[in-house]
Amino acid sequence: MLTLVADIGRGVLDSLASAGRGSMLLVTILAQVPHLWKMRRETVEQMHVVAVGSLPLVVTTSIFVGAVTAVQAVYQMQAYVPMKFLGTIISKSVFIELGPVLVALVVGGRLCANYAAELGTMKVTEQIDALEMLPIDPMRYLALPRFAATLLMLPVITVFADGIAVISGYLISVSTLGVTASTFIEGLRMFYDPADLFSGLIKSFFFGAIIAMSGLFFGFNTKGGAEGVGNATMMAVVGSCLCVLVADYFLAAILFQVIFD
Amino acid sequence: MQHPDAMPLPDFAVADPASTQGVVVRGLTRSFGERKVLDGLDFHFRRGETVVILGRSGEGKSVLLKHIVRLLEPDAGQVWVDGEEITGLHKRGLFEVRKRFGMLFQGAALFDSMTICENVALGLVEHSKESKEWIRARACECLAMVGLQAAENKLPSELSGGMKKRAGLARAIAMSPDYILYDEPTTGLDPITSDAINDLILKLQAELNVTSIVVTHDMASAFKVADRIAMLSKGRMIYADTVDAVRETEHPVIRQFIQGSAHGPLSVF
């Protein structure tokens, strides 16, 4: 029993220590922001990795998110709600929740694994020490471009994903679910509110920060060899997914208070 | 013969590091968990000399090297470089000090995503105000010094172990450092390539007049490149002398190390 309590206590202390180190890392990266212009080439390269590299994943995910949302909505609405609300339901679900969260989960998994594995390998092969010896600050050279690129590009990817998901929902509704094009578009327009899209983009911005920080934190804190890199990569992906879901609740609670009141 | 644990430790402490040229290490202490790797280590690396640090695996040789440039932070003690204490410096000051150092890492630590030329030029790109053409020419000059001019556009993954070490060395000298730190420069290389690396260390020493600190297990390399050889054991320097004196010494630990014997005061298990 005492061992269990001690283990729980140790776990809590370790988590708090990690949170503290993560916060310090964030402060250190933010302190590098004035150097962003100098790092523009590396930042653009990372933006390419974030956006273009994620496109196949985002397109596939969005197509099926839109499609399944349409199928589920029609199934639940058919006896109770007029079909003219189908477009409204799909667009609101996608803009407010499904687009930002699913993009953050799938793109976040990809990016976290990429950052943690790349930086972790650099750490265990002394490349980060070599950078320090040149002397170049790894926070400026490695962390800042990845952080800025993820923060800036995740909302862009989310807008793109939202568009594809709604188009996919439309095509599935019209082609296989017996809804007419004019009914779907009428519903889409009826309750369209730019605040829906805007709130999703605010979420994406925060999710971008969470994803980048998770990958960078576990990458820079990698210890050991191949096993350490594997552990860091796994922890980064798991940490990012959990933090995105937790943050999603708090952001939703805050945004519904601020934007929709 | 007296057991090494009973032998008095030589005193390498420098009385006034603030007015001493070279690298002075004073009372350096560092533990990893329960294990004390450096235990109040004192030493003076004089300007212009090549010191080889010997010691068994895990004795803290690489740890010492990393403390000299503060890639690791000590639990206690100080490091002085040309009279300036670097242990308390902020990042900007520390980076200025590091510009005077080049380091060859054990695995060369080349950046995988860059060509060899870009690896060598990176420090200059970041810090030099010279033109791109000048920087490229300087990188090529450094690669030529280590015999790698033909490999400038190759990626590190396309090079052999010896070529990677030479490329790492070219990167280390690109910013014309006063000090070069070598972390096991010949480990993992065949005897001929090892000897070529030793020749390179001597050549750089002669042409650039740098101060070199070499960590190695390789006795042939130590005897070839060293002005002085120092022995690190149990977190302290237990011996340091010229190459000729090391060859003649009766110190049991040094003798065992030179002979590469499993039997002696240093136990294997």
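**Exercise 1.** How much area is buried between chain B and chain A, and what share do carbon and sulfur atoms give?

*Solution.* This is a predicted model, where local features need pLDDT of at least 70 and side-chain atom pairs count only at pLDDT 80 or more, while totals for chains, interfaces and linings use all residues. Residues are numbered from 1 along each chain as its sequence is written, chains are lettered from A in the order in which they are written, and side-chain values use heavy atoms, without hydrogens and water.

Step 1: about 1,800 Å² is buried between the two chains, and carbon and sulfur atoms give 60% of that area. Buried area is the accessible area (1.4 Å probe) lost on putting two parts together, summed over both.

Step 2: Phe95(B), Phe111(B) and Glu126(B) supply 30% of what chain B buries against chain A, more than any other three residues.

**Exercise 2.** Find how many salt bridges cross the interface of chain B and chain A.

*Solution.* Step 1: look for a side-chain nitrogen of Lys or Arg within 4 Å of a carboxyl oxygen of Asp or Glu.

Step 1: this rule finds six salt bridges between chain B and chain A. One of the pairs joins Glu126(B) to Arg140(A), at 2.6 Å from N to O.

**Exercise 3.** Is Asp162(A) buried or exposed?

*Solution.* Step 1: Asp162(A) has 1% relative accessibility, so it counts as buried (under 20% relative accessible area, 1.4 Å probe, protein chains only).

Step 1: beyond its neighbours within four places in sequence, Asp162(A) is in contact (heavy atoms within 4.5 Å) with residues including Phe95(A), Pro100(A) and Leu197(A).

How values were computed: Buried < 20%, exposed > 50% of the residue type's maximum accessible area, 1.4 Å probe, protein only.
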